[in-house]
Amino acid sequence: MATKIFVKYLLLPMRRLLKGMSEANKTLVLSLIVGILAGLAAVLLKTTIESVRHGLTFWFGDREYLNILYLVYPGIGMLLAMLFTNYVIKDKIGHGVTKVLVAVSKNESRIKPHNMWSSVLASGVTIGFGGSVGAEAPIVYTGAAIGSNLARYMGLPYRNMTILLGCGASAAVAGIFNAPLAGVLFTLEILLFNISMTSMMPLLISAVSATVVSYIFLGEKTAFDCTLSSFRMQNIPFYLLLGVFSGCCSLYFLRTTMWMEDKIGKMTNNFKKWILCAAGLGILIFLFPQLYGEGYSDLGVLLNGGDIDLDGKTILSFMGHTEWLVPIFFLMILIFKVFSMTFTNAGGGVGGTFGPTLFIGGVAGFVLARTINLLLVGSTFSVPEQNFVLVGMAGLMAGVMQAPMTAIFLIAEISGGYQLYIPLIITATISFGFTRIFEKYSIYTKRIAHKGELLTHDSDQAVLTLLKTTELVENDFKSVRIDATLGQLVEIVSSSRRNIFPVLDSKHHFQGYVSLEDIRKDMFKVDMYDKLHVYNFMRSAPEYVYDDEKMDSVMLKFEKTEAWNLPVVKKDRTYIGFVSKSKIFSAYRDELKVFSQD
């Protein structure tokens, strides 16, 4: 219903309005509209989360015994989200950023229309009820879906659709954080593998327009208010150490998340999975209340150097009374945030890893700074804990997402911490480099890279990923039966424009092929027409290409066999056609022109 209203009252009038415009001008106009819509979606999601959270907790007052409901609320939110995704939209909408990457590389940047609203609803309920995930990935998926569907309804080609998809994503990040530059960098570093300078204009328009929408409805306040100290050169060694520590935490985040998702994913019963995850999440929140929801309010306390008060909030409150137990308590929060995040997503909730990355990074910075200060107690030297909390957020982002530029500028924009550019750069760069030594791919790209579905900043690899085997198959080859005589073969040769003849059996299964070169010396011996048969001349194929095979794998087969043509078959060897090296090279050149076009 929502999609039909969107088409009827917005897209159809817009199509008439833009009729006759060039594609470039259409893209510019649509980028503004995408930015406004994605900004409104970001405002709606933030408002939904706050409204649901307030509605569930405003009546608690000072009655601490009601805190027990925090054990139950997240599970209810996960259940509602699971029922919605499984029985209403009947689609998986988690891991939004990864799904956007798959849409670009596999689905010609097409995203289903329901994703323009379904992720907002499902994640709003999940996080509003206390799910330990972030709102950023769902809103990126929403913004990308708005851009993709707007471009599709306007009849724009794949390239322009991809740009508008990126516009939606950058606008979503800009809108939810009030950070336009970070929105553009997020799209460039993580989503779009290659983009020209002329394509930057739509991204900037979308990001700025979404930020303006966010300012209008939510005010100009930065996402994280901070009380920071000025940067001092003597703290550089400690920021170097924070970079290494952030890299270690990033590796832990990546590998633990993947391991837990694989383990829980093996459970086939959704309700059993929900029960397990809801119970696990409830227990963790009972012990560590900071794991409830996004955790941004607790992060705000650390960013402003506020007192850490655990009394009445957890049975582990005694840990707040001893100096050395405080960093240990927060180290446990760092460790278990990954568990609570994975429980939320695996149990049916909808949310992203973006928010937890910021939270864990801030906690990591606090743990390291507090530990350093305790070790140096009694000396005149100390490190500013608030600064380390902020810089740690950038360190985790750079390592987990492998997007150091986005991390540096996002953290500076959302906090106003521009005086910390040097430590932000130092820590983010080291964390990124350290993580990259052990993990080639980010949290968003690791799974799809292993499937060969990832577009990268390597132009050659990206173009190969875009090429699809099924689109390059040539099927104008005349086939011949394996028991046909030479005379019958010569008759087929006379009516063919090709010099290769696939040999098939009665079930259309590929058996081999005959080359014109192989029969040239015998094809004029009329007396042999009934004595020789196709199987006397047939060759076996050096390799088979399958209809769903990735192009980089196909190219490896050509390189290995040194063949110029290879047969394309289904898994049961049903013949489809041939793919030629020359056709691939031609398609590669055409795609590269579009890919590199300004």
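This is a predicted model: local features need pLDDT of at least 70, side-chain atom pairs count only at pLDDT 80 or more; totals for chains, interfaces and linings use all residues.

Visitor: What percentage of the residues in the protein chain is buried, and what makes a residue count as buried?
Guide: A residue counts as buried if its relative accessible area is under 20%, and buried residues make up 55% of the 598 residues in the protein chain. As for contacts between residues at least 6 apart in sequence, 75% of them join residues at least 24 apart.

Visitor: Why is helix α12 called roughly parallel to α14?
Guide: Helix α12 (residues 296-303) and helix α14 (residues 354-375) pack at an angle of about 30 degrees, with their axes 10 Å apart. Angles under 35 degrees count as roughly parallel, so α12 is described as roughly parallel to α14. The crossing of α12 past α14 is left-handed.

Visitor: Which residues make that contact, and how do they divide by class?
Guide: From α12 come Y296, L299 and L302, and from α14 come G355, L358, F359, G362, V363 and F366. By class, this contact has seven nonpolar residues, two polar ones and no charged residues; Gly counts as polar in this scheme.

Visitor: At what angle do α2 and α9 pack, and how is their crossing described?
Guide: Helix α2 (residues 23-57) and helix α9 (residues 200-218) pack at an angle of about 35 degrees, their axes being 7 Å apart, and α2 passes α9 in a right-handed crossing. Among the residues in contact are L28, L32, I36 and L40 of α2, together with I205, A210, V213 and F217 of α9. The residues of this contact divide into 13 nonpolar, eight polar and one charged.

Visitor: What makes β1 and β3 edge strands?
Guide: The open sheet has the order β1-β2-β3, with mixed pairing. Both β1 (480-481) and β3 (510-515) have a single partner strand, so one side of each is left without a neighbour in the sheet.

Visitor: How do you know that β1 is paired with β2?
Guide: Pairing requires at least two bridges between the strands, and two bridges join β1 to strand β2 (residues 500-504), the two running parallel. V480 has V503 in β2 as its bridge partner.

Visitor: Why is the pairing in the sheet β4-β5-β6 called mixed?
Guide: Strands of a sheet can pair either parallel or antiparallel. Here three strands form an open sheet in the order β4-β5-β6; two bridges join β4 to strand β5 (residues 565-569), which run parallel, whereas β5 and β6 pair in the antiparallel sense over five bridges. V568 of β5 is the bridge partner of V545, and V568 also stands opposite G577 in β6. Five residues lie between the strands in the hairpin of β5 and β6, where R573 takes a positive phi near 70 degrees.

Visitor: What makes β5 largely enclosed, and which helix packs on its sheet?
Guide: Four of the five residues of β5 are buried, so this strand is largely enclosed by the rest of the structure. Helix α22 (residues 551-561) packs on the sheet and touches β4, β5 and β6, its direction making about 135 degrees with that of β5.

How values were computed: Residues are numbered from 1 along each chain as its sequence is written. Side-chain values use heavy atoms; hydrogens and water are left out. Axes are lines fitted to C-alpha atoms, for helices over the stretch in contact, and angles run from 0 to 180 degrees between N-to-C directions. A crossing is left-handed if the near helix is turned anticlockwise from the far one by less than a right angle, and right-handed if clockwise. Contact means heavy atoms within 4.5 Å. Angles under 35 degrees count as roughly parallel, over 145 as roughly antiparallel, 65 to 115 as roughly perpendicular and the rest as oblique. Buried means under 20% relative accessible area, exposed over 50%, partly exposed in between (1.4 Å probe, protein chains only).
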